[in-house]
Amino acid sequence: MKPISGAAAVALACLAQPPAAQNAFGNYSIAGNLCVGFGCTGSESFGYNDTLKLKYETNAILFDDTRAPASGFPAGDWRLKANDTFSGGASYFALVDADGAGAVLTVADGTRANALYIDSAGKAGFGTALPAATLHLVAGNTPAIRVEQDGSGGGTPYAWQLTGDDAGLRLSDLTAATVPVTLLPGAPGDALVLGGNGWLGLGTAAPAAGLHMLRADGAARLRIDETAATTAPRTLLSLANNGRPEIVMANTDTGGEWSFGAGTNFILKQGAVGTTSAAKTKLFEIDDSGNATLTGTLVTGGTTCGTGCDRVFARPR
C-alpha cells in the first residue's frame, strides 16, 4: 500500500473536480480525512467523525457491478443517495435499486431518534433503542400497525389497523370505518381464549365446550339486547340439533339438575348434576296438539273454587 497524507491527501480530494476524468491504478491508503465532490476546497474542515465527506448540491454513492447479468453472477447495482435533485423536492437518505426499482429504503430528514433500532439479539425497535420484544413499537400517542392492500396486485383496496393505547387495544376496519374488536385495559387473564379445537373460552384457558364462560366473582351471565326501533317479535336465541335440543340448569350446591327441550314435544326432566338426558326423569310433556302430561300432582293456587281449583278445569255448563 502507498500511504497518502497531508497535502497529498488534499490534492487527491481536489481530483474530484478535474476538467476530465482521471484513473489512478494501484493500491492506496489515506492517513487522514477525504472530501469528494465539486464543493470540496483546499482548506476543507472535517468533523470528528467525518472520515469521508461527500460535498455537492446532491450526493450519492454508486455500487456498480460490472458483471453482465447474462453471466449468471449477481450483477445488481445499488446507490446510496441523499435528497432529491429538484427544487421543492424531499430531503432524505435512501438505499436505491439503481437498476430501475427506485428507492427501497428511505429515511426522511428530521425523523425521530431511534426510528429504527435493531439490537444485538435481533430485536427491532421502532421509536426505542431498548426493544423488549422481537418487534417493539413506541410512540408518544396511539402507536398502531396498519395492514393495507393497495390494489396493485389486482385485489380490491382495503385497510386494517391495530391500535394500542390507554383506551384499549382495537382492531379497526379502516375501509368500512368500524372497530370490530376492542380489548379494554384491565381485562382479566384468559378473558378470551381460542383452543386448538376451535372451542372458545371466556375466562378459562381450557374451554370444555364450543363456548365456555367461567367466572368466580358472581358475574357469569349472558345478556342479549336487540335495540331496533321497530317493535316486532324476533328470535334472540335459536337452538338447532339433529334430535331434541335441550337446555340444562344445574345447582352445584344441591346437586340437582333440570333440563328442558323441545322437538315434536316439549319435555321437562330432572336428575342429578352431570347425568345424561336419558338418565333424567321426565316430569312434564306437552305434545304438538297441546295435550299436557304431568307425572305428579297438580296443585293450583286459584281462589275461584272452595277446593282451590281453577276455573280452567271447571266443567262447561
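## Close-up views of a predicted model

**View 1. Lys 280 and its surroundings.** Beyond its neighbours within four places in sequence, Lys 280 is in contact (heavy atoms within 4.5 Å) with Glu 257, Ser 259, Lys 269, Gln 270, Gly 271 and Thr 275. The model is predicted: local features need pLDDT of at least 70 and side-chain atom pairs pLDDT 80 or more, while totals for chains, interfaces and linings use all residues. Residues are numbered from 1 along each chain as its sequence is written, and side-chain values use heavy atoms, with hydrogens and water left out.

Lys 280 lies in the loop between strand 21 (266-272) and strand 22 (281-286). Strands are DSSP runs (E, at least two residues), numbered from the N terminus. Is Lys 280 buried or exposed? Its relative accessibility is 7%, so Lys 280 counts as buried. Buried means under 20% relative accessible area, exposed over 50%, and partly exposed in between (1.4 Å probe, protein chains only).

The side chain of Lys 280 makes a polar contact with the side chain of Glu 257, at 2.7 Å. A polar contact is a pair of N or O atoms within 3.5 Å; within protein, one must be able to donate a hydrogen and the other to accept it, and residues adjacent in sequence count only if both atoms are side-chain atoms. A polar atom of the Lys 280 side chain also lies 2.7 Å from the backbone oxygen of Thr 275.

**View 2. Aromatic pairs.** The count is 3 aromatic pairs. Rings of Phe, Tyr and Trp (its six-membered ring) pair if their centres lie within 6.5 Å; planes under 30 degrees apart are stacked, over 60 edge-to-face, and the rest tilted. Phe 38 and Tyr 56 are edge-to-face, 5.2 Å centre to centre with 70° between the planes. Phe 38 is in the loop between strand 3 (34-36) and strand 4 (52-54), and Tyr 56 in the loop between strand 4 and strand 5 (59-63), so the pair ties together parts 18 residues apart in sequence. Tyr 56 is partly exposed, at 44% relative accessibility.

Phe 260 and Phe 266 have ring centres 6.0 Å apart and planes at 35°, so this pair is tilted. Phe 260 is partly exposed at 26%, and Phe 266 is partly exposed at 34%.

View 3. Strands pair if DSSP finds at least two bridges between them. Strand 12 is joined to strand 13 (residues 158-165) by 6 bridges. Gln 149 has Tyr 158 of strand 13 as its bridge partner.

Definitions and conventions:
Helices (H or I, at least four residues) and strands (E, at least two) are DSSP runs, numbered from the N terminus.
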